[in-house]
Amino acid sequence: MDTQVKKLGLKERYAAMTRGLGWETTYQPMEKVYPYATYEGIKIHDWDKWVDPFRMTMDAYWKYQGEKEKKLYAVIDAFQQNNGFLGITDARYVNAVKLFIQGVSPLEYYAHRGFAQVGRHFVGEGLRVACQMQSLDEIRHYQTQTHAISTYNKYFNGMHHSLHWFDRVWYLSVPKSFFEDALTAGPFEYLTSISFSFEYVLTNLLFVPFMSGAAYNGDLATVTFGFSAQSDESRHMTLGIEAIKFMLEQDPDNVPIVQRWIDKWFWRGYRVLTLVGMMMDYMLPKRVMSWREAWEIYGEQNGRALFRDLARYGIREPKGWLDAIDGKDHISHQAWNTFYNYNAAAPFHTWVPTDEELDWLSAKYPNSFDQYYRPRLEFYREQHRAGNRFYNKTLPMLCTVCQIPMLFTEPGDPTTICYRETDYQGDKYHFCSDHCKEIFENEPEKYVQSWLPVHQIYQGNCFKPGVDPTQPGFDPLMAVFDYYDLDFGRDNLDFEGSEDQKHFAAWRGQALQNTV
Amino acid sequence: MSIDLKTVNIKPLRLTYAHVAKYVGDNKVPTRYQEATFGAQPSVNFHYRPTWDPDHELFDPTRTAVKMKDWYAITDPRQFYYGSWTSTRAKQQETVEANFSFVESRGLIALLPEAVKKRALEVLTPLRHVAWGANMNNSQICALGYGTTFTAPAMFHAMDNLAVAQYLTRLALTLEGPERLDQGKSAWLHDANWQLLRRYVEDTFVVPDPVELFVAQNLALDGLLYPLIFDTYVDSALAMQGGSAISMLTAFITEWHAESARWVDAVIKTIAAESEENRALLTQWFRHWEERAADALTPISVLAMGDAAASALEEVRQGLANRVKKLGLAR
């Protein structure tokens with residue numbers, strides 16, 4: 001280093017490397033170069049007030065990330081080469097991996113594109129660079145997950161058409177519509193939805209359960225990915241909190257807008273996490289903790305501290321906060337029940353937990369499980385043993401906003417399904433909760449566009465081209481599964497008797513026993 | 001002699017995901033690049049129109065006037081996925097680091113003739129803003145383009161553009177100091193030599209078609225700028241004037257341009273080969289932007305090379321004309 005370079009401190013040097021690069025355009029007006037900067041109503045007076053939380057230049061980024069990649073791929077290679085999947089606790093665990101590759105990995109891809117968009121369109125250079133780096137991290141996550149889970153896809157069902165399903169299968173419209181809602185919003189709402197509400201407030205409830213679940217269940221590939229992504233995630237979380245503070249500090253008029261977004265995105269995110277809750281309580285043979293416990297630690301405790309901290313800006317807890325707390329005893333059980341019912345149409349397996357697992361659930365949910373959910377599961381098991389494994393063939397009504405079937409119950413009354421509705425331009429729209437209804441009413445012109453899988457099936461939009469529904473003996477559900485490219489009997493239905501179950505038992509036997 | 005280690009042999013049910021097999025076939029194990037890139041972008045049943053662009057779907061092939069039956073026909077000959085891209089750059093970054101410390105520790109900067117150094121800084125420092133513009137445009141191409149084999153490398157390219165801007169910043173800091181950055185920016189904003197180029201860059205910021213933007217930025221402008229400034233001026237002219245130290249500090253930039261041009265060429269070639277209409281559009285865009293880029297670079301080439309500028313620029317233009325001819329664009 002020569003003496004002149006030393007004249008610049010780290011902070012100034014980083015500033016020269018980023019915000020010093022931009023300029024006020026004059027040949028094209030700034031409003032045309034940055035056309036999305038103001039339409040959401042967020043007022044930014046001084047972009048220089050943005051504080052770069054990481055101060056990472058590209059050379060440093062490559063250096064750190066290159067090291068991480070080397071280690072990660074060494075493990076992925078070894079996992080693949082040595083049939084690492086034989087070391088998992090039980091083939092039921094693979095269904096958590098299916099849920100992940102079907103419902104989460106495509107969101108990483110979406111985040112990559114979304115951060116590219118806002119990384120181009122924010123006026124401030126510092127924020128832009130932070131967003132661009134996150135765009136890179138997100139494509140990294142999509143790609144490393146795709147590689148890590150590739151081995152599972154080779155040996156187990158329920159993963160081969162993951163992206164095809166993401167665009168079509170009913171339950172995957174929940175994460176898909178969630179992220180598309182964010183991507184189609186303006187840049188500041190995108191940041192509030194993904195960087196703040198999702199990455200900062202809720203990510204621990206997505207990331208920790210999946211990655212700890214992998215660790216507890218012997219899934220070396222996924223847990224290594226998890227460790228490797230951790231430092232990326234902590235950068236993303238920091239971006240989220242800095243972004244929210246920046247907006248709030250720039251103008252008091254921003255506060256009510258940001259508050260409405262926090263209300264909306266907390267609830268949207270919380271609804272998506274229903275799937276994670278179900279995974280934690282039902283899909284992990286070796287449990288990490290219950291959804292309720294995870295919610296109390298990562299949701300309630302962290303959230304309370306955060307919103308106490310944000311109170312000085314005039315921000316309060318999200319509107320759905322108390323209803324979310326009320327739901328912690330119920331949502332995972334209600335969701336599993338729904339998938340158990342509709343398992344013909346979902347490309348992973350369900351089952352009734354073993355007695356030991358039911359006891360675990362009873363102990364973890366003293367206020368709800370024995371009273372409301374255990375008897376139902378035991379009834380299903382009896383029926384199954386008697387040869388009546390029940391699959392529901394009617395299609396459920398969906399919430400227009402979160403797109404989850406109407407499976408949630410009234411706050412404070414777990415025996416009554418919660419229904420809300422509203423009229424808009426002569427049509428009736430249905431919701432699972434006050435909060436989804438309010439989200440709709442704030443932006444009805446957006447949510448009337450929702451591609452609701454059940455409506456689409458009834459409208460005949462989920463058959464392959466050339467299918468004739470008027471033919472005698474036409475089976476609409478089988479035609480829908482065909483449109484899904486779901487391999488009936490292999491990808492779906494009960495775990496008991498599945499190909500996954502049989503294969504895993506045979507392979508494990510082959511690995512553990514000597515053949516004569 | 002090699003000994004086969006015995007492992008438990010289990011026959012896989014399939015070799016890869018269906019969205020990858022569609023492109024590589026069911027019986028082939030895809031490369032890491034293929035598995036991580038093909039078919040990755042969601043493509044149907046979008047829920048909401050973007051509030052920032054209600055005329056289009058979230059991902060919409062009609063944002064550009066060129067048409068492709070399948071956008072995944074475009075591939076990256078470098079086979080970059082995140083892991084291979086970042087590892088490649090991490091290695092190059094080590095070389096850059098070694099070059100900077102070599103130049104600094106041997107006191108090579110003090111050996112540079114003052115006039116040569118001053119001129120080099122006048123030429124190179126404002127180019128950090130040009131690279132920053134390229135970063136914005138390639139982010140835009142990633143955001144609004146269609147199909148991951150086209151858009152993912154655009155994001156890697158955007159970050160390479162940022163790195164170029166940062167290496168040029170570092171070069172200015174190393175050779176002179178922070179005040180040079182201010183002078184460079186002031187020249188970029190006000191000095192007559194730079195205004196055509198700045199106008200060019202600002203005009204690309206408002207090009208709505210992602211493929212036209214790709215042509216304007218990556219083929220026309222960078223296809224002239226990098227050979228002209230980093231090959232002809234820095235590596236040849238400056239070296240003859242005792243400025244080899246500077247060429248050590250821009251070695252990454254030259255190397256990177258040659259490498260990434262292979263990707264740019266593959267994109268253009270594939271789109272052009274698809275149809276006569278595409279070829280005509282690309283040709284029209286290229287002619288328009290190349291003409292403007294050459295005009296914009298004229299004063300910079302004079303600033304850098306004086307009397308030798310006209311022939312240098314002409315040679316570079318000829319080189320680019322030959323390059324695009326091979327890609328199938330009409331003369």
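**View 1. A salt bridge joins Asp77(A) to Arg32(B).** The closest N and O atoms of this pair are 2.9 Å apart. A salt bridge here is a side-chain nitrogen of Lys or Arg within 4 Å of a carboxyl oxygen of Asp or Glu. By that rule, the count between chain A and chain B is two salt bridges. Before we look further, please note that this is a predicted model, in which local features need pLDDT of at least 70 and side-chain atom pairs count only at pLDDT 80 or more, while totals for chains, interfaces and linings use all residues. Residues are numbered from 1 along each chain as its sequence is written, chains are lettered from A and ligands numbered from 1 in the order in which they are written, and side-chain values use heavy atoms, with hydrogens and water left out.

**View 2. Chain A and chain B meet at an interface with 55 residue pairs in polar contact (both at pLDDT 80 or more).** A polar contact is a pair of N or O atoms within 3.5 Å; within protein, one must be able to donate a hydrogen and the other to accept it, and residues adjacent in sequence count only if both atoms are side-chain atoms. On the chain A side, helix α7 (residues 125-155) brings the largest share of the residues that touch chain B, namely 20. Helices (H or I, at least four residues) and strands (E, at least two) are DSSP runs, numbered from the N terminus. Sorted by class, this side of chain A has 42 nonpolar, 36 polar and 25 charged residues. Ala, Val, Leu, Ile, Met, Phe, Trp, Tyr, Cys and Pro count as nonpolar, Asp, Glu, Lys and Arg as charged, and the others, Gly among them, as polar.

**View 3. About 8400 Å² is buried between chain A and chain B.** Which three residues supply more than any others of the area that chain A buries against chain B? They are Trp23(A), Tyr27(A) and Trp62(A), which together supply 11% of that area. Buried area is the accessible area (1.4 Å probe) that two parts lose on being put together, summed over both. Carbon and sulfur atoms give 59% of the total. In contact here are 103 residues of chain A and 88 residues of chain B, where contact means heavy atoms within 4.5 Å.

**View 4. Helix α9 (residues 173-183) of chain A is mostly covered.** How many of its eleven residues are buried? The count is eleven of eleven, including Phe178(A), Phe179(A) and Leu183(A). Lys176(A), Glu180(A) and Asp181(A) are also among the buried residues. Buried means under 20% relative accessible area, exposed over 50%, and partly exposed in between (1.4 Å probe, protein chains only). Over the whole of chain A, buried residues make up 65% of the 516 residues.

**View 5. His330(A) sits in the loop between α16 (321-327) and α17 (331-341) of chain A.** Is His330(A) buried or exposed? His330(A) counts as buried because its relative accessibility is 10%. Leaving aside neighbours within four places in sequence, His330(A) is in contact with Ser368(A), Tyr372(A), Tyr373(A) and Pro414(A).

**View 6. Chain B has 14 helices and zero strands.** Its C-alpha atoms fill a box of roughly 70 × 60 × 40 Å, taken along the principal axes. Of the 331 residues of chain B, 63% count as buried. Chain A, by comparison, has 24 helices and four strands, and its C-alpha trace spans about 80 × 65 × 55 Å along the principal axes.
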